[in-house]
Amino acid sequence: MQFHHDGYVSGDPRVLPASGTGVDRPSELPDEVDVLIVGSGPAGMIAAAQLAQFPGITTRLVERRPGRLEIGQADGIQARSVETFDAFGFAERIIAEAYRITEMAFWKPDPADPTRIARAARTIDDPTGISEYPHLIVNQARVLDYFAEVMVNAPTRMTPDYGFEFRDLRIDDETGAGEHPVAVTLARTSGEDAGEERVVRAKYVIGADGARSGVRRAIGCTLAGDQANHAWGVMDVLVVTDFPDIRTKCAIQSHEGGSILLIPREGGYLFRMYVDLGEVPVGGEEALRATTITEIIAQANRIMHPYHLDVRDVAWHSVYEVGHRLADRFDDVPVDEIGIRLPRVFITGDACHTHSAKAGQGMNVSMQDGFNLGWKLGHVLDGRSPASLLSTYAAERRVVAKELIDFDRQWSALMAARPEDLQSPTELEEFYVRTAEFPAGFLTQYEPSMLIAEPRHQESATGFPIGKRFKSAPVVRVCDANPVHLGHHAKADGRWRIYVFADAARAGEASSVTEWAEWIAHSPESPVLAHTPEGGDIDAWFDVKVVYRQDHTGVDIGAVPDAFLPRVGRFGLVDYEKVYAADPLDDIFEARGIHHDGAVVVVRPDQYVADVLPLTATGELAAFFTAIMRP
């Protein structure tokens with residue numbers, strides 16, 4: 001963490017100085033806003049936390065509840081989400097309080113006595129080391145708390161506006177509606193003025209209001225898909241039991257009694273169970289919803305025979321039928337008008353994709369929806385990029401949602417199947433291991449667009465696939481010899497990252513990297529010079545870093561080009577934390593397939609690789625940013 005660049009900071013450095021709309025922020029919801037977010041679930045809160053970093057943008061988030069969420073339904077935090085939490089500054093703290101999944105046990109009918117279950121296999125949760133971050137379990141409410149902290153500590157001092165329910169919206173003809181064409185009708189849900197309606201006008205609206213989304217309905221989007229006609233009871237409980245793997249994630253399949261997915265929770269005692277309640281007969285939905293917690297517990301005990309659950313406390317429980325549904329579009333632009341007009345209203349998370357909870361994907365994919373959209377709205381409203389940037393949200397995220405639903409159909413079907421009906425006795429655990437990269441969040445690869453370049457030069461850095469998330473790796477910071485992860489310095493501040501991997505020459509010697517540094521610092525084509533606003537720090541919009549091939553003792557920081565040692569803040573201090581060297585114990589050049597002639601890796605504000613270029617392709621780098629940023 002860097003601070004003091006504008007003067008001595010004696011308090012919590014995570015609390016940024018208020019600026020822009022955060023100065024004298026009105027406590028009451030104003031009549032006009034730049035962005036109105038409906039719903040304080042994971043997608044809405046991460047979008048708000050991202051937009052809170054843009055001081056000139058007025059963002060408000062409304063929620064029908066009277067206050068913070070106390071008991072969350074989602075709890076699985078995949079490694080990709082923990083990477084994202086690091087960008088928002090709370091990965092270490094949430095890891096400390098969460099339950100960490102390291103193994104999964106598979107229990108099946110005992111071949112010697114199929115009426116009893118027995119442990120059949122154990123699998124490592126991350127056998128390939130896909131991320132330096134773990135797979136966690138933590139209450140959704142705590143995740144939202146952390147995002148709320150990021151919001152209130154941001155320059156805009158954002159807090160949710162509780163007690164407002166979405167009723168409807170209309171999009172007025174933009175030629176006569178001024179700068180705020182979306183009129184949103186809200187109603188108070190509590191207090192003396194409960195039921196009272198008011199209209200808030202916005203430039204853009206994000207519907208993060210769940211599976212029964214009113215925003216989705218208002219813009220005419222529909223969910224298409226099917227129910228799996230299979231019911232599950234879910235409960236968070238405190239128990240005394242003789243089941244030996246009660247603190248290990250388990251998939252439990254009995255001979256006749258159905259299946260259980262057991263997920264230990266944070267705190268050392270609580271755990272969650274998804275209990276198979278069987279097929280839902282036609283017209284049996286009412287009976288399903290009437291299933292009691294006593295019946296769920298009884299079914300769990302039948303499945304776990306000969307082991308027994310003595311339930312002492314139930315924190316939360318519910319019953320649901322698995323459904324797989326996908327919205328026909330993720331914004332207000334009809335299919336036949338794509339490319340003709342630009343979106344004003346967006347839907348995220350469960351508002352546009354629903355599926356089972358057992359793959360641990362709902363919260364994780366929803367947060368990536370909000371992260372994807374948040375920085376794009378920030379760039380458009382801040383004047384950095386054209387409004388056409390916003391069309392990429394639906395194009396990118398709907399593909400991801402479709403892949404998620406296809407995956408969840410397979411996983412849900414395997415979990416619900418009787419062991420004897422599977423193609424092989426080990427099919428469930430083999431599927432779990434084979435597909436581990438998908439639920440972890442690392443198979444997403446965006447297609448070429450205005451934000452993702454064609455892979456013309458992928459060979460320059462084969463370990464950073466264009467369109468996939470930037471996979472961090474160890475390096476050594478030259479100024480203080482600290483071993484760090486290169487990607488962990490990238491925060492959710494709306495900036496683009498440009499990572500420069502040097503050729504073989506040392507700092508100060510004539511080389512491609514020194515020529516590149518001269519170009520980025522002085523050429524009129526340089527995106528840093530062409531797009532950084534006058535009067536701002538030179539790294540206000542672009543965070544440019546260099547990694548040298550030598551050991552850190554072989555890099556003379558006095559010979560490093562000024563482009564990698566920018567002067568920042570009101571005192572013009574030198575930022576020394578942009579110069580790195582390869583870690584001799586884990587060489588990033590070898591690990592990420594960096595060409596011996598060096599490479600430039602361009603990374604979006606949401607951590608996805610946008611382009612990979614050789615050091616000599618300065619014209620292509622300039623052209624990439626010319627297409628997506630205003631001069």
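This is a predicted model: local features need pLDDT of at least 70, side-chain atom pairs count only at pLDDT 80 or more; totals for chains, interfaces and linings use all residues.

Reply:
**Strands, rings and cysteines**

Happy to. Strands (E, at least two residues) and helices (H or I, at least four) are DSSP runs, numbered from the N terminus. E4 runs antiparallel to strand E7 (residues 135-137), and three bridges join the two.

Residues are numbered from 1 along each chain as its sequence is written, and side-chain values use heavy atoms, with hydrogens and water left out.

Now to another sheet. Seven strands form an open sheet with mixed pairing, in the order E20-E19-E25-E22-E21-E26-E27. Strand E20 (482-485) and strand E27 (609-613) are its edges, each pairing on one side only. E27 is antiparallel to strand E26 (residues 599-603), with four bridges between them, and Val600 has Leu613 in E27 as its bridge partner.

UniProt, in an unreviewed entry, places the feature "domain: Phenol hydroxylase-like C-terminal dimerisation" at residues 444-630; such annotations may be inferred rather than shown by experiment, feature names are shortened, and positions follow the numbering used here. Over residues 444-630 the chain is 17% helix and 21% strand, with the end C-alpha atoms 28 Å apart.

On to the rings. The structure holds 25 aromatic pairs: rings of Phe, Tyr and Trp (its six-membered ring) pair if their centres lie within 6.5 Å, and planes under 30 degrees apart count as stacked, over 60 as edge-to-face and the rest as tilted. Among them is the stacked pair of Phe470 and Tyr499, 4.6 Å centre to centre with 10° between the planes. This pair links distant parts of the chain, 29 residues apart: Phe470 is in the loop between helix H10 (427-434) and strand E19 (474-477), and Tyr499 is in strand E21 (residues 496-501). Phe470 and Tyr499 are both buried, that is, under 20% relative accessible area, where exposed is over 50% and partly exposed lies in between (1.4 Å probe, protein chains only).

The planes of Trp516 and Trp519 stand at 50° with the ring centres 6.3 Å apart, so this pair is tilted. Both residues lie in helix H11 (residues 512-522), three residues apart, which is about one turn of the helix, and both are buried. Elsewhere, ring pairs link Phe85, Phe88, Phe90, Tyr146, Phe147 and Phe371 into a cluster.

Charges meet rings too. Arg469 lies over the face of Phe442, 3.8 Å from the ring centre, and the charged end of Arg344 sits over the ring of Tyr204, 4.7 Å from its centre. The test is that NZ of Lys or CZ of Arg is within 6 Å of the ring centre and within 35 degrees of the ring normal.

Lastly, the cysteines: there are zero disulfides, a disulfide being a pair of cysteine sulfur atoms within 2.5 Å. For Cys221, the nearest cysteine sulfur is that of Cys352, 8.6 Å away. Cys221 is buried because its relative accessible area is 7%, and Cys250 also counts as buried, at 0% relative accessibility.

Methods:
Two strands pair if DSSP finds at least two bridges between them.
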